[in-house]
Amino acid sequence: MDAKTAIKEIKQGKISPLYLLYGSEKFRMNEFAALLEDQLIAKEDRDFAVIPFDLSETPVQAVIEEAETVPFMVERKLLLVRDASLFTAGKENAKLEHRIDILSDYLQHPVDFSVIVFMVNNDKLDERKKIVKTVKTAGTVLAFNPLGAEELLRWVEKGIRERGCTMASGTAEILITNAGTGLQGLSAEMDKLCLFAGKGGTVDAEAVESLVHRGTEQNVFTLVEDIANLRLDKALDTLYELLKQREEPIKIAALIARQFRIILQVKDLSTHSYSQGQIASQIGLHPYAVKLAGEQAHKFSSERLRQILSALADLDYKMKTGAIDKVLGLELFMLRLGT
């Protein structure tokens with residue numbers, strides 16, 4: 001089952017006695033837990049009925065004991081259990097003894113007045129563990145991995161609509177380029193943009209450019225994009241902006257090298273028919289970043305990319321040994337790219 005199907009079932013009143021949420025998208029995981037809370041527990045009852053646990057501090061048998069305790073003044077309890085590493089291959093806290101057998105026994109006959117939600121910040125579960133297989137049979141296991149490139153764009157556009165605004169065509173891409181792919185950060189920026197636009201207003205590119213601060217990595221991505229399109233005046237403007245923010249020139253050069261390395265990796269893997277998702281998994285990037293790198297890759301040959309990386313390695317050596325002024329070295333590197 002996927003998260004969309006699980007949400008649909010929850011809204012229809014079909015509630016699983018136990019949910020195991022895992023993946024790297026902590027924001028979406030928290031959104032799912034908040035939805036469960038909204039659907040199951042009245043606001044005035046949440047102090048009594050929503051009970052947090054952390055398995056780095058509390059043994060799992062204490063969670064089960066609480067689940068089996070009849071709720072006080074409410075019909076149903078929601079137990080939110082974090083740091084559930086007992087479902088992964090990671091090392092468990094040696095100071096605590098987790099009685100997995102008690103959890104397994106509970107899953108054979110779960111009570112109907114408690115819902116347990118385990119939240120695992122890990123890309124994978126340890127499928128070799130018996131408890132993982134048991135949970136898959138008796139409960140609901142949901143993966144929360146990074147959204148694909150198109151999914152992320154739709155998520156942003158939907159978020160703007162839910163806030164009572166509309167988004168001008170192409171603005172979602174600019175927002176992601178400026179703010180990055182982190183959902184927490186994007187959500188905060190959408191709040192700001194819709195507050196600026198007002199109810200029923202339109203969020204456009206101009207608003208994004210003026211209100212959304214670009215981090216160093218986003219600025220470097222824009223700089224490389226301008227280099228790829230031979231917009232050297234804009235690339236130099238971005239460089240000077242980074243220097244004005246007191247970014248270390250060696251760090252800027254390293255980030256430029258990282259972006260060109262990503263472009264080369266994406267280009268090479270694409271020639272072997274890897275999909276965006278496969279490439280993202282292979283090199284540890286968000287699928288949207290792979291999409292953008294793929295677009296940049298079309299503008300360079302593999303040989304040219306290797307030449308650029310070689311020039312950056314040479315520049316790095318000269319900057320660190322004092323053989324060239326750091327700022328001058330960056331300026332010369334960028335100007336040579338345009339020839």
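Q: Helices and strands are DSSP runs, numbered from the N terminus. In those terms, where is the place of Ser16?

A: The model is a predicted one. In it, Ser16 sits in the loop between H1 and E1. Helix H1 covers residues 3–11, and strand E1 covers residues 18–22.

Q: Is Ser16 buried or exposed?

A: A residue counts as buried under 20% relative accessible area. Ser16 has 9% relative accessibility and therefore counts as buried.

Q: Which residues does Ser16 touch, leaving aside those up to four places away in sequence?

A: With those set aside, Ser16 touches Val115, Gly139 and Thr140. With Thr140 there is also a polar contact between the two side chains, at 3.1 Å.

Q: Which parts of the chain does the pair of Tyr19 and Phe32 link?

A: The pair links distant parts of the chain, since Tyr19 belongs to strand E1 and Phe32 to helix H2 (residues 26–40), 13 residues apart. Tyr19 and Phe32 are both buried. Ring pairs also bring in Phe144, giving a cluster of Tyr19, Phe32 and Phe144.

Q: How is empty space in a structure found?

A: A probe the size of a water molecule is rolled over the atoms, and this shows where empty space is left. Here, the largest pocket holds about 810 Å³. Its lining has 22 residues, with Lys4, Ile7, Glu31, Trp155 and Lys158 nearest the centre.

Q: Which element gives the most to the lining of the largest pocket?

A: Helix H7 does, with six residues. H1, H2, H7 (149–162) and H9 (183–197) each supply at least two. By class, this lining has ten nonpolar, two polar and ten charged residues.

Q: What is the volume of the second largest pocket, and which residues lie nearest its centre?

A: The second largest pocket has a volume of about 400 Å³. Of its 19 lining residues, Glu217, Gln218, Arg258, Gln259 and Ala289 lie nearest the centre. Two or more residues come from each of helices H8 (171–179), H11 (216–228), H13 (249–270) and H15 (287–297). This lining divides into ten nonpolar, seven polar and two charged residues.

Methods:
Residues numbered from 1 in each chain as written. Predicted model: local features only at pLDDT ≥ 70, side-chain atom pairs only at ≥ 80, totals over all residues. Heavy atoms only, no water. Helix = DSSP H or I, 4+ residues; strand = E, 2+ residues; numbered from the N terminus. Buried < 20%, exposed > 50% of the residue type's maximum accessible area, 1.4 Å probe, protein only. Phe/Tyr/Trp six-rings, centres within 6.5 Å; stacked < 30°, edge-to-face > 60°. 1 Å grid on protein atoms, 1.4 Å probe; cavity = no way out; pocket = protein on both sides within 12 Å on 5 of 7 lines; lining within 4 Å. Points joined across faces, edges and corners; volume = space filled by probe spheres on them. Nonpolar A, V, L, I, M, F, W, Y, C, P; charged D, E, K, R; others polar. Polar contact = N/O pair within 3.5 Å; in protein donor to acceptor, adjacent residues only side chain to side chain. Contact = heavy atoms within 4.5 Å.
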